[in-house]
Structure formats: structure tokens, C-alpha cells
Amino acid sequence: HDQPWGLEATKALSERIEGRTVRLFVVDRDRYGRLVAKPYLGKDDICLEMVRAGHAWAYRKYLKDKDLLEAENRARIQDLGLWGNKVSQPIPPWGWRKGKR
């Protein structure tokens, strides 16, 4: 089964970027040597947009951009996206993956 709000988040992201040119700004490499990047559509930070709309969580473990926490808190207060989903309790992705192993 998909994580609660996963399909809605995927749809929101697809609608925002499908058919458009997304620019990736490499910020790091992970412990496996994979590139870690921030996606931009023009000047818009796609990660920040998704968190602001309540479609994504601010991942605290490697968080460097405190704007993401502020955006998540505002989305929670406004019951946007997954925060307004009263059908199920929001589960952070890191908790969801841990429970699936």
C-alpha cells in the first residue's frame, strides 16, 4: 500500500512540473555516492512549494534550510494537504519506510 497522501502528493508534483524543464542544483553526495539535489522550476524551489502546500514533510535529519520547517508549520496550522486529511494520521516518510522493512 502507498503511504497516506502519497498519491495526492505525486499528482500535485506531476501537475506542477510535467512537460516543463526542471533545473537541479546539486547540494551534496549521500553516503552511497549519489548526488543530492534541489529541484527548481525557474526560480521556484519545488521542495519548498511542496512543503508549503502540505504535500511534503521537512526532512529533519539532514535539514539545512530552516524555511522548510516554517513552511511545514504553516501548512499544518492551515490544514493544507496531508495535514487536512482527517481520514488518517499523517506518518512521516522516514517512519513509514521503517515500518515497511
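## Aromatic pairs and their surroundings

At 34% relative accessibility, Y59 counts as partly exposed, where buried means under 20% relative accessible area, exposed over 50% and partly exposed in between, with a 1.4 Å probe and protein chains only. This is a predicted model, in which local features need pLDDT of at least 70 and side-chain atom pairs count only at pLDDT 80 or more, while totals for chains, interfaces and linings use all residues. Residues are numbered from 1 along each chain as its sequence is written, and side-chain values use heavy atoms, with hydrogens and water left out.

The structure holds 3 aromatic pairs, defined as rings of Phe, Tyr and Trp (its six-membered ring) with centres within 6.5 Å, where planes under 30 degrees apart count as stacked, over 60 as edge-to-face and the rest as tilted. Two of them are set out here.

| Pair | Centre to centre | Angle between planes | Class |
|---|---|---|---|
| W57 and W83 | 4.6 Å | 65° | edge-to-face |
| Y59 and W94 | 5.1 Å | 45° | tilted |

Ring pairs link W57, Y59, W83 and W94 into a cluster. W57 counts as buried at 17% relative accessibility, as does W83 at 9%, whereas W94 is partly exposed, with a relative accessible area of 30%.

W57 and W83 also belong to the largest nonpolar core, which has 9 residues, including W5, L41 and M50; such a core is a set of buried Ala, Val, Leu, Ile, Met, Phe, Trp, Tyr and Cys residues joined through side-chain atoms within 4.5 Å.
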